[in-house]
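This report is meant for someone meeting the structure for the first time. Please look over the sequence and the model before reading on.

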Protein chains: 2
Amino acid sequence: MPWELPRDLDTPALVVDLGRLEANLASMASHAATAGVALQPHAKTHKSVEIARRQRAHGAHGLTVATVGEAEVFATAGFDDLFVAYPLLPTGPKATRLRAVGDLARVRVGVAAPEAAPLLARALDATTRAQVLVELDAGHHRTGVSPEEAVAVARACADAGLEVVGVFTHPGHVYGGPGAAAGAAADEARVLAEGAQRLAHAGFEPRVLSGGSTPTARLAAPPATDRWAHEQRPGSYVFNDRIQCALGAAVPDQVATVVAATVVARGPGGRFVIDAGSKALGAERVDYLVGFGEVVDGGGAGGPGSVVTRLSEHHGTVETIREPPAPGTVVAVVPNHVCPVVDHFDEYLVADGGEIVDRWPVDARGRLA
Amino acid sequence: MPWELPRDLDTPALVVDLGRLEANLASMASHAATAGVALQPHAKTHKSVEIARRQRAHGAHGLTVATVGEAEVFATAGFDDLFVAYPLLPTGPKATRLRAVGDLARVRVGVAAPEAAPLLARALDATTRAQVLVELDAGHHRTGVSPEEAVAVARACADAGLEVVGVFTHPGHVYGGPGAAAGAAADEARVLAEGAQRLAHAGFEPRVLSGGSTPTARLAAPPATDRWAHEQRPGSYVFNDRIQCALGAAVPDQVATVVAATVVARGPGGRFVIDAGSKALGAERVDYLVGFGEVVDGGGAGGPGSVVTRLSEHHGTVETIREPPAPGTVVAVVPNHVCPVVDHFDEYLVADGGEIVDRWPVDARGRLA
């Protein structure tokens with residue numbers, strides 16, 4: 001089913017299809033329930049209190065966030081189980097802010113270096129139940145330590161007065177290309193189990209093995225055991241995007257969010273220009289996709305073969321094998337990676353049956369710190 | 001002189017050095033005054049009422065903006081001479097908003113297609129002095145028409161009741177690489193002169209020849225004549241960035257804005273990871289630079305040879321030939337392209353002599369429509 005945009009949009013605009021969003025939420029919740037996995041979805045994708053409430057209504061246990069700023073937004077909105085899945089080194093204002101969040105919600109925090117332990121302990125202080133998860137590197141080679149190194153990090157945490165409740169990883173190498181999902185999911189499961197075992201042998205009591213990415217979410221997690229629970233932290237599944245489709249984690253009918261843009265000019269050779277550029281679509285590229293986004297609705301130009309191949313800040317140049325639409329036509333663009341795109345907008349226009357039925361703020365937009 | 005960051009920053013943060021900013025403003029203003037060029041700087045770079053006021057204090061005639069949303073912000077703040085240097089096709093809400101801006105300020109608008117003329121005329125309506133400039137393509141091949149085609153666009157505008165006051169172009173091909181500036185500046189001057197002459201021969205009275213980009217701003221414009229005035233619309237010069245330095249349009253001491261980030265982990269092989277990712281630094285790349293940004297301050301890692309080579313949303317991986325700084329160190333990163341970076345932040349931290357002396361809102365942040 002193609003995208004059908006509402007009329008009279010003031011472009012560029014971020015449009016979410018309510019039916020597709022709800023279907024995506026229900027599908028992942030159902031998978032988690034069947035697999036015996038706790039769902040702690042990553043709110044960095046949507047940054048929306050309304051969507052987080054819908055995730056909770058579908059059975060999510062808590063929320064994952066990337067920053068203290070995001071934690072502030074969701075704690076203030078009443079979410080009392082937050083995991084900052086990021087190796088924070090809170091000093092100065094950030095330490096004060098993290099402590100204030102800890103007064104509103106149970107906050108678990110990631111830790112990937114011994115140096116972070118005393119800073120986290122000071123920020124979360126002794127009166128809070130200061131819980132940390134040790135970050136493991138499952139093959140993405142970004143942050144995180146090996147299962148062997150996890151013991152030293154956990155010891156530094158314990159020495160600082162923090163409670164080590166488990167291990168977590170993000171198998172980001174799944175985004176290397178189509179075909180990477182099965183291997184990345186296996187890496188995730190293996191490294192989490194090894195890390196938890198190492199911690200258990202060293203006298204810790206890991207209770208949570210936390211993995212997560214949308215492409216691996218349905219592949220990675222074995223069911224919970226008596227010893228520990230598995231949780232998953234997928235983010236992009238709520239909306240999906242061009243990368244998720246390319247990796248086989250979604251089909252085009254599951255893309256719930258697009259950028260609406262107006263055709264402002266036609267060029268030679270089947271090119272046309274839209275009023276969504278890098279400030280709307282982001283400039284993220286991957287080796288396995290041409291360009292920055294794909295046009296899926298808009299006159300005759302919607303569908304495979306209409307790709308945003310060049311970006312300025314407020315211009316996107318589309319090359320198409322179809323008939324370029326007339327200036328003034330509004331088109332729908334599926335971005336490569338939806339998460340940073342959302343951060344460019346103040347609100348979602350919520351569409352249902354081709355009508356705008358609501359507007360939701362991007363509550364945690366720009367909460368980078 | 002290296003960057004010196006203030007202490008106790010809550011990262012990632014956007015930091016502007018007041019002395020360097022003022023020097024950049026003064027230098028471009030002085031060039032324009034000497035060259036007899038009207039300076040109509042592009043506010044899409046800074047999106048800041050405070051910086052726009054400083055530009056005006058240095059002699060800027062008016063402001064250039066990219067969107068109606070930016071025009072709304074600056075018109076409301078009292079700027080009464082605005083040029084929307086973009087080929088708008090205002091329909092629906094945007095037409096209503098453009099008219100409201102026209103009640104607050106003299107608004108000139110770009111036009112690049114005959115189809116736009118009736119829409120602009122309706123939006124700006126007959127009571128306003130509805131002035132347009134025809135966009136010319138100087139070699140960037142994005143939007144804009146040839147000098148020959150400009151006459152047809154101008155006729156459509158006149159037929160719709162719009163006043164055609166001149167021509168404009170953005171020689172964006174200057175960003176193709178080092179060495180492109182002289183050719184792009186010559187293209188700009190040539191196409192503006194040809195376009196104006198064609199319009200004059202067709203019975204129009206072009207009064208403004210408007211060009212602009214930071215790398216060409218000091219090269220392109222011949223002085224004003226009795227027949228028409230030249231104006232320049234540079235944007236990035238207020239801050240400069242890694243691309244401006246690579247193109248020879250600035251030297252490192254003229255980089256006035258950086259992203260401050262905290263080292264959160266060290267990796268093998270001299271890598272370290274900072275808490276500024278694509279949501280802070282943008283993901284824009286150019287062929288003639290490695291990576292996404294360069295670290296210029298922070299422990300021993302500041303200086304040539306420390307490059308952000310990989311980005312996630314909240315992680316930047318830096319490869320360095322220097323000693324990787326300890327976790328917790330705050331570093332200064334010069335982004336590739338500063339304009340989209342500013343749009344990721346709500347405020348500037350204004351630094352002077354290593355102290356934060358003020359905070360300025362990014363007033364037009366996210367005003368994409």
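## Basis of the report

The model is predicted, so local features need pLDDT of at least 70 and side-chain atom pairs count only at pLDDT 80 or more, while totals for chains, interfaces and linings use all residues. Residues are numbered from 1 along each chain as its sequence is written, chains are lettered from A and ligands numbered from 1 in the order in which they are written, and side-chain values use heavy atoms, with hydrogens and water left out.

## How the two chains are related

Two copies of a chain are related by a rotation about an axis and a shift along it. Here, chain B is superposed on chain A by a rotation of 180° with 0.0 Å of shift along the axis, and the RMSD is 0.0 Å. That is the relation of a two-fold axis. The superposition is by least squares on the C-alpha atoms of residues with pLDDT of at least 70 in both copies.

Which residue of chain B comes closest to the rotation axis? Ala283(B) does, with its C-alpha at 2.6 Å. Of the interface residues of chain B, 100% are also interface residues in chain A, so the copies meet through the same surface. Contact, here and below, means heavy atoms within 4.5 Å.

## Cysteines

How many disulfides does the structure hold over all chains? The number is zero. A disulfide is a covalent bond between the sulfur atoms of two cysteines; the cut-off used is a pair of cysteine sulfur atoms within 2.5 Å.

In chain A, the closest cysteine sulfur to that of Cys339(A) is in Cys245(A), 14 Å away and too far for a bond. Cys339(A) is also buried, at a relative accessible area of 0%. In chain B, the sulfur of Cys339(B) has its closest cysteine sulfur in Cys245(B), again 14 Å away and too far for a bond, and Cys339(B) is buried with a relative accessible area of 0%. Buried means under 20% relative accessible area, exposed over 50%, and partly exposed in between, with a 1.4 Å probe and protein chains only.

## Helices 3 and 4 of chain A

Helices (H or I, at least four residues) and strands (E, at least two) are DSSP runs, numbered from the N terminus. In chain A, the axes of helix 3 (residues 68–76) and helix 4 (residues 92–104) come within 10 Å and cross at roughly 25°. That makes helix 3 of chain A roughly parallel to helix 4 of chain A. Angles under 35 degrees count as roughly parallel, over 145 as roughly antiparallel, 65 to 115 as roughly perpendicular and the rest as oblique. Axes are lines fitted to C-alpha atoms, for helices over the stretch in contact, and angles run from 0 to 180 degrees between N-to-C directions.

Residues of helix 3 of chain A that meet helix 4 of chain A include Val68(A), Ala71(A) and Ala75(A), and their partners in helix 4 include Leu98(A) and Val101(A). Ala71(A), in helix 3 of chain A, is buried at 0% relative accessibility. Apart from neighbours within four places in sequence, Ala71(A) contacts Val65(A), Leu82(A), Val84(A) and Val101(A).

## Helices 4 and 5 of chain B

In chain B, the axes of helix 4 (residues 92–104) and helix 5 (residues 116–124) come within 7 Å and cross at roughly 55°. That makes helix 4 of chain B oblique to helix 5 of chain B. Ala95(B), Leu98(B) and Arg99(B) in helix 4 meet Leu120(B), Arg122(B), Ala123(B) and Leu124(B) in helix 5.

## Local backbone features

The peptide bond between Thr11(A) and Pro12(A) is cis, with omega about -5°, and Pro12(A) lies in the segment before strand 1 (13–17) of chain A. Thr11(B) and Pro12(B) are likewise joined by a cis peptide bond, with omega near -5°.

Lys47(A) is not a glycine, yet has a positive phi of about 55°. Lys47(A) sits in the loop between strand 2 (38–39) and helix 2 (49–57) of chain A. Is Lys47(A) buried or exposed? Lys47(A) is buried, with a relative accessible area of 0%.

His141(A), also not a glycine, has a positive phi of about 55°. His141(A) is found in the loop between strand 6 (131–135) and helix 6 (147–159) of chain A, and is partly exposed, with a relative accessible area of 44%.
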